[in-house]
Amino acid sequence: MQVCTKASQLASFWGQKIGFVPTMGALHAGHASLIEQARAQNDFVVVSIFVNPTQFAPNEDYQAYPRTLQTDSALCERLGVDVLFAPDPTQIYPLAEKITLQPPASLLGFEADARPKHFEGVLQVVLKLFNLVRPKRAYFGQKDAQQLLIIQHMVADLFLDIEIVPCVIVRDGDGLALSSRNVYLSPEERVSALKLPQALRAIERAIQEGERDSQKLISLGLEMLQGLKVHYLSVCDRQLTPLEHITLDQTLILAAVQVGRVRLLDNLWV
């Protein structure tokens, strides 16, 4: 595996049929599943590790975000990654004045309400990484559903010749969706956090049993989330428009809760 720290080094790999996994590091089994899928579907795999400053608000955890490059690099090598791109911010943002991208208004709300500039920063860095890596396919987890939809919109709108591959949510044995920020949870908070996947499983069972009324499904979920600070629990379509009644294969149930200092996201693709 080759480790690149400079943007200019990536040009030597252009022309390969590249599968690309962009990450912020602190890699876990969820990231590993993306890398494994990329390895299975492509001749050449590039993983980036870059904690992107433009997607963090001033009061967020940019400085404290876990950085574990040595162990991340070892994992990438074990999984057969060809190139690990680990730049510093000056490589990604060489100019003082930065070009920004505005996410589509129809896909805002939810996380954008809590983190107003977050998705601008995400689009900014993802487009830069796409231009530097020039992949054939790029892999994103379905856990960050809103991010995935916004990136798909950008790729379509800007005519980028890249296939965005959604990858299923990977969970710990107790059901909690994997996230690099889960390390912030105390043992007691971890137990409380399990209410989130349990609520989504209850909603999924109700749908399997025939329930289609969105408000009844939301009420069921909120009942199970009692004791947690619920930022949102919403039933919408794949364009994030709220639905009164769900339609199979077209519905997305989005949830975010606060447990201690950790904002936990989870969802159900119906």
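**View 1. Buried residues make up 52% of the protein chain, which has 270 residues.** A residue is called buried when its relative accessible area is under 20%, exposed when over 50%, and partly exposed in between (1.4 Å probe, protein chains only). What you see is a predicted model, in which local features need pLDDT of at least 70, side-chain atom pairs count only at pLDDT 80 or more, and totals for chains, interfaces and linings use all residues. Residues are numbered from 1 along each chain as its sequence is written, and side-chain values use heavy atoms, with hydrogens and water left out.

View 2. The C-alpha trace spans about 55 × 40 × 40 Å along its principal axes. For 270 residues, a compact globule would have a radius of gyration near 18 Å, and the protein chain agrees with its 19 Å. That radius is taken over C-alpha atoms, and the globule rule is 2.2 Å times the number of residues to the power 0.38. Contact means heavy atoms within 4.5 Å. Of the contacts with a separation of 6 or more, 71% are between residues 24 or more positions apart.

**View 3. Here is S214, found in helix α9 (residues 214–224).** S214 has a relative accessible area of 3%, so it counts as buried. A polar atom of its side chain lies 2.7 Å from the backbone oxygen of L243. Setting aside neighbours within four places in sequence, S214 is in contact with V235, L243, E244, H245 and I246.

**View 4. Next comes S48, in strand β3 (residues 44–49).** With a relative accessible area of 0%, S48 is buried. Leave out residues up to four places away in sequence, and S48 touches F20, V21, P22, T23, F85 and L129.

**View 5. Now for A40, which sits in helix α1 (residues 29–41).** Is A40 buried or exposed? A40 counts as exposed, because its relative accessibility is 68%. G19 is 21 residues from A40 along the chain, and the C-alpha atoms of the two are separated by 9.4 Å.

Note on methods: Helix = DSSP H or I, 4+ residues; strand = E, 2+ residues; numbered from the N terminus. Polar contact = N/O pair within 3.5 Å; in protein donor to acceptor, adjacent residues only side chain to side chain.
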